[in-house]
Amino acid sequence: MKALIYHGPGQKALEDHAVPRIEKPTDAIVKITKTTICGTDLHILKGDVPTCAPGRILGHEGVGTIAEVGSGVTGFARGDPVLISCISSCGKCEYCRKGMYSHCATGGWILGNAIDGTQAEYVRIPHADTSLYRIPTGADEEALVMLSDILPTGFECGVLNGKVQPGSTVVIVGAGPIGLAALLTAQFYSPAAIIMVDLDDNRLVTATQFGATGVVNSSDGNAAATILKLTDGRGADTVIEAVGIPATFELCEEIVAPGGVIANVGVHGTSVPLHLERLWDRNITIATRLVDTASTPMLLKTVCSHQIDPTLLITHRFKLDYIIDAYETFSQAAQTRALKRWSMPRQGMP
Ligand code: ZN
Ligand code: ZN
């Protein structure tokens with residue numbers, strides 16, 4: 001089969017690779033029909049993720065059909081259409097029993113990281129019964145790829161952790177795919193205002209189309225003052241950090257209202273100044289987490305019933321043969337206006 005293989009920082013190649021085989025009775029092999037590139041894949045290529053060794057097939061998002069199941073898999077059979085969760089979970093360990101699947105003792109975020117991932121024609125999924133979701137008949141598979149990672153991440157790490165409430169004021173710093181996923185799912189709770197912050201005007205235009213009530217381009221360095229003006233000097237009840245650099249987290253610290261929550265979603269690679277000299281008496285909460293994908297079944301229902309439309313996040317489409325071009329397009333998002341993109345295997349596809 002063809003697979004996109006990581007060869008160390010800055011190096012990747014589409015190569016022939018052996019088709020994965022069942023290794024444990026709880027495994028399934030899934031034939032990928034659609035996959036996507038994630039910002040996290042770019043982090044790996046920068047060398048930021050030491051658990052991902054050279055030789056690894058990248059990718060942790062996708063949909064497909066079951067090609068084979070191990071003898072211990074009871075919930076799925078050959079031919080079933082499935083959504084792959086970016087988090088693999090055994091369902092039995094101490095963390096899984098708490099619903100904290102991201103910290104599963106034998107799973108968590110391992111796909112396209114510690115084990116081979118989804119940017120290939122086939123992938124092995126461990127703990128298949130508790131890491132795959134059956135795709136309902138008639139569902140739009142393209143939309144569902146957004147449920148592998150970005151929608152549950154934006155919702156769990158941003159909206160749930162940020163305690164978005166009816167009538168509240170929300171600021172989302174970063175209008176990339178994850179920030180936009182938080183924007184889509186924040187609207188479940190009818191906040192009074194959702195202000196999006198980004199450096200890229202194209203993404204801010206998209207944010208308005210997705211339901212943002214206000215946008216702020218932070219390139220002039222005055223974002224905090226602008227947001228305070230937009231919120232009558234109060235700041236925001238929920239501030240969602242969806243970038244992962246010190247400057248954006250410090251902006252969140254400046255604009256959180258008394259009693260508010262800073263919900264961190266960004267992947268941080270360096271330390272960030274915490275201004276307790278200003279925040280110590282403001283009753284704020286700072287929340288961090290990795291996505292557990294515990295909300296995936298709920299989100300699947302909202303997508304299938306058209307309460308939210310994640311296909312808005314899909315801007316470019318490639319065949320798997322052109323996945324190197326897809327990476328190129330994604331890594332130059334400001335020029336290409338790319339958000340999420342997916343590629344397809346060569347066989348059986350136009
Ligand atoms: Zn991802
Ligand atoms: Zn577990």
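In helix α9 (residues 246-255), the buried residues include Thr248, Phe249, Leu251, Cys252, Glu253 and Ile255, where a residue is buried if 20 or more other C-beta atoms, placed from the backbone, lie within 10 Å of its own. This is a predicted model, in which local features need pLDDT of at least 70 and side-chain atom pairs count only at pLDDT 80 or more, while totals for chains, interfaces and linings use all residues. Residues are numbered from 1 along each chain as its sequence is written, and chains are lettered from A and ligands numbered from 1 in the order in which they are written. Helices (H or I, at least four residues) and strands (E, at least two) are DSSP runs, numbered from the N terminus.

**Exercise 1.** Find the elements against which the buried residues of α9 pack.

*Solution.* Begin at α9 and look for contacts, which exist between two residues if their C-beta atoms, placed from the backbone, lie within 7 Å. The buried residues of α9 pack against the strands β8, β11 and β12 (256-264), and also against the helices α8 (223-230) and α10 (276-279).

**Exercise 2.** Describe how strand β8 is covered and which strands pair with it.

*Solution.* First, take the burial of β8 (residues 169-173), where five of its five residues are buried. On one side these are Thr169, Val171 and Val173, and on the other Val170 and Ile172, which leaves both faces covered. Next, look for pairing, which requires that DSSP finds at least two bridges between two strands. β8 runs parallel to β9 (residues 193-198) and is joined to it by five bridges, with Val173 opposite Val197. From β8 the chain passes through helix α6 (residues 177-186) to β9 in a right-handed β-α-β crossover; right-handed here says that, with the strands pointing away from the viewer, the path from the first strand over the helix to the second runs clockwise. Finally, four bridges pair β8 with β11 (residues 236-241), again in the parallel sense, and Val171 has Val239 as its bridge partner there.

**Exercise 3.** State how far apart the domain centres lie and what each domain gives to the contact.

*Solution.* The domain bounds come from an automatic or database domain assignment, and the C-alpha centres of domain 1 and domain 2 lie 27 Å apart. Domain 1 takes part in the contact with 17 residues and domain 2 with 13 residues. On the side of domain 1 that touches domain 2, the elements giving two or more residues are α1 (39-46) and α11 (296-304), and α1 gives the most, with three residues.

**Exercise 4.** Work out which strands pair with β3 and in which sense.

*Solution.* Strand β3 (residues 28-36) has nine of its nine residues buried. Seven bridges join β3 to β4 (residues 62-69) in an antiparallel arrangement, with Thr35 opposite Gly62. β3 also pairs with β6 (residues 122-125) over four bridges in the antiparallel sense, where Ile29 stands opposite Arg124.

Technical notes
A residue is buried if 20 or more other C-beta atoms lie within 10 Å of its own, exposed if 12 or fewer, and partly exposed in between; C-beta atoms are placed from the backbone.
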